[in-house]
Amino acid sequence: SEVAIHSYSKAHNMKNFLIIRYHNIYGPRMGFEHVIPQFIERIIKKESPFTIFGGEETRTFCYVDDAIKATQLIMESEKTNGQTIHIGRSDGEIKIIDLAKELFNTANINPKIEIQKAPEGSVMRRCPDVSKLKALGFSPEVNLGEGLKQCYEWYKDKFQSSSLKP
């Protein structure tokens, strides 16, 4: 789709467009099919041992409030026309096993951990290049610990209710 928009823009001399790529955005109401809500669900269900597939892979996570502010900044800037901009964080890279431990800490639990082989095709590292975003003056405000606490509180209620996934 990105190639299509660039081709269309050249063919029609369109200059007022941009492409945004979101990277590991998390927070309340962000779905149930990502690592953070999946870990929270398993914590609430008291999974023991707590299985982690891989664990050494690293990711960065960007809280949804920061992603919204970055999106607004990008959309309002004339400097972004015709650009592809990554929204995410380049700081705070964390191993998946350490992400699980942060959530255990948030939930005040200490389960036994079982490490299994990483899923086929899993990449070792995901850390976006956010240099264009930084050049616009953007700096994320919500650190991972604070964001995980907000996520945990929101998802906890959803997983404790009778209908686990609304």
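Helix axes are lines fitted to C-alpha atoms, for helices over the stretch in contact, and the angle between two axes runs from 0 to 180 degrees between their N-to-C directions. On that basis, helix 2 and helix 4 cross at roughly 50°, and their axes come within 10 Å. The model described here is predicted. The protein chain has 166 residues, of which 39% are buried, and it holds 6 helices and 9 strands.

**The chain overall**

- Taken along the principal axes, the C-alpha atoms of the protein chain fill a box of roughly 60 × 30 × 30 Å.
- Among the contacts in the protein chain with a separation of 6 or more, 87% are between residues 24 or more positions apart.

- The buried residues are Ile36, Pro37, Phe39, Ile40, Glu41, Arg42, Ile43 and Ile44.
- Just after helix 2, Lys46 has a positive phi of about 60°.

**Helix 2 against helix 4**

- The axes of helix 2 and helix 4 cross at roughly 50°. Because angles from 65 to 115 degrees count as roughly perpendicular and those under 35 as roughly parallel, helix 2 is oblique to helix 4.
- The crossing of these two helices is right-handed.
- From helix 2, the residues that take part are Val35, Ile36, Phe39, Ile40 and Ile43, and they meet Ile96, Leu99, Ala100, Leu103, Phe104 and Ala107 of helix 4.
- The residues of this contact comprise 11 nonpolar, no polar and no charged.

**Helix 2 against helix 6**

- Helix 2 (residues 35-44) also packs with helix 6 (residues 144-160), at an angle of about 55° and with the axes 9 Å apart. That angle makes helix 2 oblique to helix 6.
- Helix 2 passes helix 6 in a right-handed crossing.
- On the helix 2 side, the contact is made by Ile36, Pro37, Ile40, Glu41, Ile43 and Ile44. On the helix 6 side, it is made by Leu148, Cys151, Tyr152, Tyr155, Lys156, Phe159 and Gln160.
- In the contact of helix 2 with helix 6, the residues divide into 10 nonpolar, 1 polar and 2 charged.

- Strand 6 pairs with strand 1 (residues 19-22) in the parallel sense, over 4 bridges. In this pairing, Ile19 stands opposite Thr84 of strand 6.
- Thr80 lies in the loop between helix 3 (64-76) and strand 6.
- Thr80 has 1% relative accessibility and therefore counts as buried.
- Leaving aside residues up to four places away in sequence, Thr80 touches Phe17, Leu18, Ile74, Ile85 and Leu136.

- An open sheet of 3 strands has the order 7-4-9, and its pairing is mixed.
- The edges are strand 7 (94-95) and strand 9 (125-126), each with a single partner strand, so one side of each has no neighbour in the sheet.
- Strand 4 (residues 58-59) and strand 7 run antiparallel and are joined by 2 bridges. The bridge partner of Thr58 in strand 7 is Lys95.

**Met30**

- Met30 is found in the loop between strand 2 (25-26) and helix 2.
- With 30% relative accessibility, Met30 counts as partly exposed, because the buried class is under 20% and the exposed class over 50%.
- Not counting residues up to four places away in sequence, Met30 touches Ile25, Val64 and Tyr155. Tyr155 also takes part in the contact of helix 6 with helix 2.
- Met30 and Glu93 are 63 residues apart along the chain, and their C-alpha atoms are separated by 20 Å.

Methods: Residues numbered from 1 in each chain as written. Predicted model: local features only at pLDDT ≥ 70, side-chain atom pairs only at ≥ 80, totals over all residues. Heavy atoms only, no water. Parallel < 35°, antiparallel > 145°, perpendicular 65-115°, else oblique. Left-handed = near helix turned anticlockwise from the far one by under 90°. Contact = heavy atoms within 4.5 Å. Nonpolar A, V, L, I, M, F, W, Y, C, P; charged D, E, K, R; others polar. Pairing = 2+ DSSP bridges. Buried < 20%, exposed > 50% of the residue type's maximum accessible area, 1.4 Å probe, protein only.
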